[in-house]
Amino acid sequence: HNQSGSQGTVVNAPAPESATVADADNDGVWTFTGWDHESQTIDTEDVAFVGTWTFASNQHAATFTYRSATAGMDLPASLAAPAPVSGVKGDQVTAPAPAEAVVAVADGVWSFQGWDENARTIGVEDVAFVGTWVFTAKPTPTPQPQPQPQPQPGDMPQSGDMPQSGDMPESGDLPQSGDSPQSGDVPQSGGASEPVVGVAPVAPFASDPSSCVVAPFVTIPLTEGVVYRMDGRVVDAGEHAYEYGSTVVVTAQPLPGFVFVEGARTRWSWSAPARDQLGCEAVDAGAESGALDQPGSDDLSDEVTVVPVRPVSRHLANTGTGVLVLLVLVGALAGCGTVARGVERRARG
């Protein structure tokens, strides 16, 4: 709205209809912080007032909880889930790996099986992650057969101890040839079955790339009695990279002598965004042209971080910076109307 006034007229900056305005599209609130001048006197030229608005995004929580996948077993109090974190619309939250993926207790161990989702994007509501643990009981020890003492040469009976003829067994008492043990009755070496040990595979952890120079990768844990396959091929413990824009699948199998406990998770998958989704094309072009090696760029970090882009309003950009409202007063004073945000007010003196 424009105002006009004659030379020497003092004009006061009007207050907006509302000092706060909700922005549903960008999930936040605009707040008027004031004019650059409270009043100005018209002289021989136009005068202008500039008002500033700031934007604040609504905060939402990402919560983390743990659950037991083993029937009849509750999680111990020592397994505390990570604390909640906050974010705004458009932020991506990645579920963190636990400090310890295997936790020993008195009667066994708890093994982390992974989160229900590896990452979620915050919208206009809170998001929740659920992590699963399974319990493996300590194996019950089985009694081992004790070796029987064998007679030594010095233990042979003396002549005085030899049985007398009257003590000899009758022929009918002698063992017959058919009574001798058969070869099939003799325990074979290695014929005893080995005990089977219950295990739960520790969940691998995947970190989605946060920059254009760090490829996505999966961290394979070292778990006794478990072999991991990444896209069908056996992999060792450690970090293993995979391609941008692809999905990787990790599976677990028990080694001989081991079996997975009830509720154990054996398959995980992650998908990485493509490089163009991360805005890597601009980074690649800059690297090829030498823009990242120009003098004066020593303060640039080696890693180029990709920041989530939030939706932008058609009228007020969701940047968190001030939006200027211009009020211009000129000429003879004709009165003041209602202030409209974002509208240039101009008058002629």
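**Close-up views of a predicted model**

**View 1. Strands β7 and β8 at one side of the pairing.** Strands β7 and β8 run antiparallel and are joined by 3 bridges, where strands are DSSP runs (E, at least two residues) numbered from the N terminus and two strands count as paired if DSSP finds at least two bridges between them. Within this pairing, H60 has G87 of β8 as its bridge partner. The model is predicted, so that local features need pLDDT of at least 70 and side-chain atom pairs count only at pLDDT 80 or more, whereas totals for chains, interfaces and linings use all residues. Residues are numbered from 1 along each chain as its sequence is written, and side-chain values use heavy atoms, with hydrogens and water left out.

**View 2. Strand β13 and its two partners.** Strand β13, which spans residues 127–137, is mostly covered, with 8 of its 11 residues buried; buried here means under 20% relative accessible area, exposed means over 50%, and partly exposed lies in between (1.4 Å probe, protein chains only). Strand β7 (residues 60–68) runs parallel to β13 and is joined to it by 7 bridges, and S68 has W133 in β13 as its bridge partner. Strand β11 (residues 108–115) pairs with β13 in the antiparallel sense, over 7 bridges, and here the partner of G114 is T132 of β13.

**View 3. The open sheet of 5 strands.** The strands follow the order β8-β7-β13-β11-β10, and their pairing is mixed. The edge strands are β8 (85–87) and β10 (102–105), each of which pairs on one side only. From one strand to the next the twist averages 25°, with axes taken as lines fitted to C-alpha atoms and angles running from 0 to 180 degrees between N-to-C directions. In a regular strand the side chains alternate between the two faces of the sheet.

**View 4. The salt bridge between R120 and D116.** A search of the whole structure finds 1 salt bridge, defined as a side-chain nitrogen of Lys or Arg within 4 Å of a carboxyl oxygen of Asp or Glu. R120 forms a salt bridge with D116, and the closest N and O atoms are 3.5 Å apart. R120 is partly exposed, with a relative accessible area of 23%, and D116 is also partly exposed, with a value of 40%.

View 5. The C-alpha atoms of G5 and D46 are separated by 9.7 Å, although the two residues are 41 residues apart along the chain.

Note on methods: Helices (H or I, at least four residues) and strands (E, at least two) are DSSP runs, numbered from the N terminus.
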